[in-house]
Amino acid sequence: MTKDTSVLLDEKRVFKANYKIVEEAHVKNWEAEIEKGKNIDKYWAEKAEQFEWFQEWDKVVDESKKPFYKWFTNGKINLAYNAVDRWISTNKRNQVAILYANERGEEKKLTYYELYREINKMANALKNLGIKKGDTVSMYLPMCPELLVSMLACNKIGAVHNVVYSGLSVGAFVERMNASNAKVLITADGTYRRGKIIDLKKIVDESLLKCPTIETVVVVEHTKSPIKVSELSGKEINYESLIEGESDECSVEHMDAEDPLFILYTSGSTGKPKGVLHTTAGYMVGVATTLKNVFDIHNDDLYWCTADIGWITGHSYVIYGPLLLGTTTLVYEGAPDYPDPGAWWKIVEKYGVTKLYTAPTAIRHLMRYGSKYPNLYNLSSLKILGSVGEPINPEAWMWYYKNIGKGKTPIMDTWWQTETGMHMISPLPISPLKPGTATLPLPGIDVDVVDENGNSVPLGKGGYLVIKKPWPAMFRTLYNDEKRFLEVYWKMPGGVYKAGDMARKDKDGYIWIQGRSDDVLKIAGHRVGTSEVESAFVSHPSVVETAVIGKSDPIKGQVIKAFLILKEGYKLNTALIENLQKHVRYELGPVAVVGEIVQVDSLPKTRSGKIMRRILRAQEAGEDLGDTSTLEE
């Protein structure tokens with residue numbers, strides 16, 4: 001039987017909260033807020049009161065048909081109205097809502113009033129295309145203002161949006177179009193990436209013969225590249241021509257709290273991508289509440305989340321969260337290292353970004369260049385930093401803290417998923433921080449670490465991460481796949497939500513994510529989390545990034561095989577291999593048996609930056625790679 005083990009990185013560094021940030025914080029007493037959150041009905045009802053409702057709800061959460069929970073039953077509300085319309089009659093009317101910038105140095109600003117008018121024109125245009133409440137509209141667009149406008153226009157009239165990340169290829173695109181039954185597709189002539197134009201329209205034209213439900217294609221002239229109107233696509237229209245002459249006023253659809261808001265496809269490990277379905281009111285309440293508390297959003301903030309809108313982080317924390325709070329959100333189209341590795345820090349200085357939210361993979365990538373580029377720019381406007389996507393290694397955390405936050409800016413290391421819709425485990429600005437841990441469940445969230453039988457495991461021991469009570473932004477089902485919804489997420493004893501991650505709690509109750517349950521290594525009867533092994537490697541001065549998998553071993557069952565990206569000036573030789581083996585053993589203990597180390601130039605990642613270890617495992621075993629639609633290369 002496999003033992004749970006605490007042969008893990010023992011992080012002793014603790015960073016206390018910055019007193020200036022504590023003074024400003026919306027939540028000043030963690031214990032009191034946690035206590036309030038134990039009564040989920042009362043807690044989330046209070047958070048829902050920040051919005052304007054057309055009709056009050058009857059019940060906060062309906063648990064009568066678990067796990068098909070319902071939130072704010074019979075309430076009537078509209079997301080676009082609360083994100084934009086309600087600010088028009090306030091002093092936010094002329095505040096910048098969206099600040100768009102790109103790698104070419106171009107920018108565009110839309111105030112809340114300007115955004116309101118653009119949304120209404122697009123909403124009216126969609127209605128003229130025959131789109132009505134409940135219909136699906138797909139978007140295959142770069143990071144551009146038209147994407148945000150189109151999503152909010154769907155919200156306004158009750159249409160369901162399905163955003164497909166603009167980096168996906170023909171096969172993945174077709175699969176998502178057909179699965180969502182989209183009637184209208186909004187795309188662009190292309191997108192810029194590292195100075196080159198990627199032809200999105202060509203991919204669309206190749207795909208449409210296989211997408212029978214698409215009736216109309218709307219094309220945004222984003223790069224001003226020559227567009228060939230496809231004879232195969234049926235009705236095709238230019239975005240500007242579509243909205244030309246449309247009224248800048250549009251009636252708002254009164255949505256039921258449980259009406260579908262969007263479908264977002266997340267990659268399956270082998271089978272078809274999963275269509276995660278989110279509904280209206282609970283999602284709004286969860287996303288706005290968590291962004292406000294975790295990033296301590298105030299009226300004078302310039303908030304920047306670097307995620308692509310094609311992923312859940314972009315939905316929740318580039319668009320919806322910031323606009324629901326009435327702040328300014330920066331939308332950036334470009335790579336973190338183009339035209340040079342100082343690109344992001346230049347943006348921070350130029351616009352005075354106050355809150356920055358990005359991924360560990362980007363931080364590790366920029367770490368390769370040392371402190372040179374951050375030191376070229378004034379980053380003093382930053383008040384809070386954030387991390388999302390996968391566990392952040394302690395070394396990457398420290399680099400981010402010292403070089404970007406200058407040792408003064410707390411890092412909100414957030415754990416959540418496409419399925420959860422909102423932050424679930426995270427520090428708050430008032431929390432003592434430990435590098436590499438997501439800290440504690442947020443108020444109103446009940447999380448535990450359990451064994452196969454659903455029993456809580458002792459502190460320091462690894463187990464399955466589960467969520468024991470419903471939360472407002474939870475997804476309702478997998479679109480057209482209820483059976484898979486139940487089998488993947490709700491088969492754990494006790495009727496709890498199984499997140500698919502392994503984790504452990506330390507003596508302070510802080511939660512350390514060890515990696516996906518499929519990725520956990522089993523060495524000589526012990527479970528060892530991939531994130532901890534990778535953190536041990538990255539803490540060595542020669543290593544910038546790594547991915548580890550289990551390699552079959554006749555004696556140990558498995559040993560560690562590590563794929564390393566080394567810093568400039570290092571080369572993998574016998575001496576360095578021995579040094580790394582000793583280092584990892586020192587960090588993790590004798591159970592960390594390193595069987596093989598190889599040097600690589602890149603690691604298989606999704607386009608949202610997550611390392612796909614299963615690709616490495618499949619290659620190692622000579623097996624089929626499964627679903628690779630979200631693979632970056």
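Strands E4 and E5 form a hairpin with four residues between them, and Gly105 in the turn has a positive phi of about 85 degrees. E4 covers residues 96–102 and E5 residues 107–111; they run antiparallel, joined by five bridges. Ala101 has Glu107 in E5 as its bridge partner. Strands (E, at least two residues) and helices (H or I, at least four) are DSSP runs numbered from the N terminus, and two strands pair if DSSP finds at least two bridges between them.

This is a predicted model: local features need pLDDT of at least 70, side-chain atom pairs count only at pLDDT 80 or more, and totals for chains, interfaces and linings use all residues. Residues are numbered from 1 along each chain as its sequence is written, and side-chain values use heavy atoms, with hydrogens and water left out.

Next, helix H13, residues 360–367. Eight of its eight residues are buried, so H13 is largely enclosed by the rest of the structure. Buried means under 20% relative accessible area, with a 1.4 Å probe and protein chains only. Among the buried residues are Arg364 and His365. The cover over them, by contact (heavy atoms within 4.5 Å), includes helices H12 and H14 and strands E18, E19 and E28.

Last, the lining of the largest cavity. Its residues divide into six nonpolar, four polar and one charged; Ala, Val, Leu, Ile, Met, Phe, Trp, Tyr, Cys and Pro count as nonpolar, Asp, Glu, Lys and Arg as charged, and the others, Gly among them, as polar. Helix H16 gives the largest share of that lining, three residues.

Note on methods: Buried < 20%, exposed > 50% of the residue type's maximum accessible area, 1.4 Å probe, protein only.
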